[in-house]
Structure formats: C-alpha cells, structure tokens
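Open the model in your viewer and keep the selection tool handy. The tour goes stop by stop.

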Amino acid sequence: NALRAEEDSLQASRATDTEVDIPSPEGLNYLPFQRAGIAYAMSRPGTLIGDEMGLGKTIQICGLINATRPDNVLVICPASLKINWQRELERWLVPEYTIGIASSDDLPDTDIVIINYDILTKNAAALIKRCNTRPIALAVADEAHYVKNPKAQRSKVAVGLLALAERRVLLTGTPIVNRPKELFNLIQVLDPNRWPKFFGYATRYCNAKKTRWGWDF
C-alpha cells in the first residue's frame with residue numbers, strides 16, 4: 001500500500017492538468033499545469049514546486065490559498081519580490097485576507113505576512129511568539145535555494161519557521177545550484193521523517209568520501 005501510494009504521488013507530481021475545481025477570481029483562470037500543481041500541493045503537508053521562472057509559481061500559491069483557505073499565511077521571499085507577492089495576492093485571492101509586508105521595525109498583525117530573508121533573524125523571536133497563539137497554517141519559501149546552507153543564520157530561522165507550519169511549500173527554479181548536498185536542507189523541511197540526518201543522505205547521494213581533512217561531499 002505504501003509503495004502504491006508513493007507511485008500515485010509520483011504520477012500526480014508529473015500531471016499537466018487536473019479535474020479538481022479550484023476557485024479563482026472572475027476573469028482570471030489558471031493554466032492547466034498550474035491547476036495540477038495546486039492540486040498536488042493540496043494533497044501534501046510539504047511540496048516543492050520547481051517550475052522555471054515566469055511559469056506562475058506565485059499564482060499556484062494563490063490557488064492553493066483559494067482552495068484550502070488557511071487561517072493565516074507566512075511568505076518568505078527575497079526583498080525584491082515582496083511587492084510582487086502583495087500585488088499577485090491582491091489580484092488572485094478569492095477569500096478576504098489582510099496582507100502586510102514586514103520591515104526591520106514592524107511585523108504586521110495581518111492574515112498574510114510577507115517577509116524577506118534578510119530581516120528574518122531580526123523578527124525571529126516575534127514570529128515564533130506569534131506562533132504560540134496563532135500557529136502558521138501555510139508557510140511559503142520563495143526562491144527556497146536561499147536556505148540551502150544549513151550553517152547560515154537565515155537558513156536556521158527559515159527552516160525553524162517552516163517546520164512549525166501545518167503546510168509548507170518551497171518554490172525554486174534552481175533547487176540544486178552546484179552540488180547534491182545543497183538539496184538536503186530543502187528536502188528535510190519537506191519530509192523530516194524520511195530525511196532525519198544529513199549523513200545518510202550524503203552517503204547515498206553525494207559520493208561521500210573520507211579524506212585526511214575530513215569528509216568530502
């Protein structure tokens with residue numbers, strides 16, 4: 001049964017359309033592959049959408065929100081994309097949500113909070129405190145390869161917040177920039193039970209070799 005479920009999930013991840021009805025604002029329609037991506041994310045607690053730039057990953061998140069109606073949403077993205085996220089959410093969302101953009105000095109008390117990676121560390125305590133009273137229903141990490149380095153402080157904070165969310169979606173057109181070890185942080189966020197430790201992954205997928213200077217991945 002587990003093997004069949006994995007195969008069904010794999011096939012669904014390759015779908016180019018779906019019959020699932022996904023709400024959209026009047027006059028706006030999802031492309032077939034976007035509908036398939038939304039439907040796939042609806043069925044999982046953790047999803048990576050790896051479409052190339054310009055294919056509407058942001059719109060798929062809007063569709064996911066329209067379909068699942070989470071109580072609240074946290075969007076983590078590069079600073080240059082914050083206004084675009086606000087614009088697309090305002091354009092595509094069917095339910096009424098308040099939307100706020102975080103700054104270094106202000107964490108808005110809104111249904112949807114958009115925050116950039118650069119100020120995550122400064123706002124980490126406030127975000128975690130908020131989670132105690134209002135758990136994150138949906139967390140989105142745009143350009144998720146920003147958290148590929150497990151030693152970086154912003155990666156630690158982002159991964160910690162994503163782990164607290166009921167549903168997590170990572171968006172990136174370049175999940176592996178250079179080496180397979182850079183993928184581990186992302187897949188551990190998506191499925192920590194399957195990928196609990198780096199070393200097992202590194203041994204199988206990163207050609208791990210022990211040298212006189214330590215392990216080479």
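Is Trp215 buried, exposed or partly exposed? Trp215 counts as partly exposed, at 43% relative accessibility. Buried means under 20% relative accessible area, exposed over 50%, and partly exposed lies in between (1.4 Å probe, protein chains only).

This is a predicted model: local features need pLDDT of at least 70, side-chain atom pairs count only at pLDDT 80 or more, and totals for chains, interfaces and linings use all residues. Residues are numbered from 1 along each chain as its sequence is written, and side-chain values use heavy atoms, with hydrogens and water left out.

**Stop 1: helix 4.** Select residues 82–92. Helices (H or I, at least four residues) and strands (E, at least two) are DSSP runs, numbered from the N terminus. Lys82, Trp85, Glu88, Leu89 and Trp92 are the buried residues here. Look down the axis of helix 4: these buried residues fall within an arc of 130°, so they line one face. The arc is taken from the directions from the helix axis to the C-beta atoms.

**Stop 2: the aromatic pairs.** The structure holds 11 aromatic pairs. Rings of Phe, Tyr and Trp (its six-membered ring) pair if their centres lie within 6.5 Å; planes under 30 degrees apart count as stacked, over 60 as edge-to-face and the rest as tilted. Select Trp195 and Tyr205: they pair edge-to-face, 6.0 Å centre to centre, with 65° between the planes. Tyr205 is partly exposed, at 39% relative accessible area. Next, pick Phe199 and Trp215, an edge-to-face pair at 4.9 Å and 80°. Phe199 sits in helix 8 and Trp215 in strand 8, 16 residues apart.
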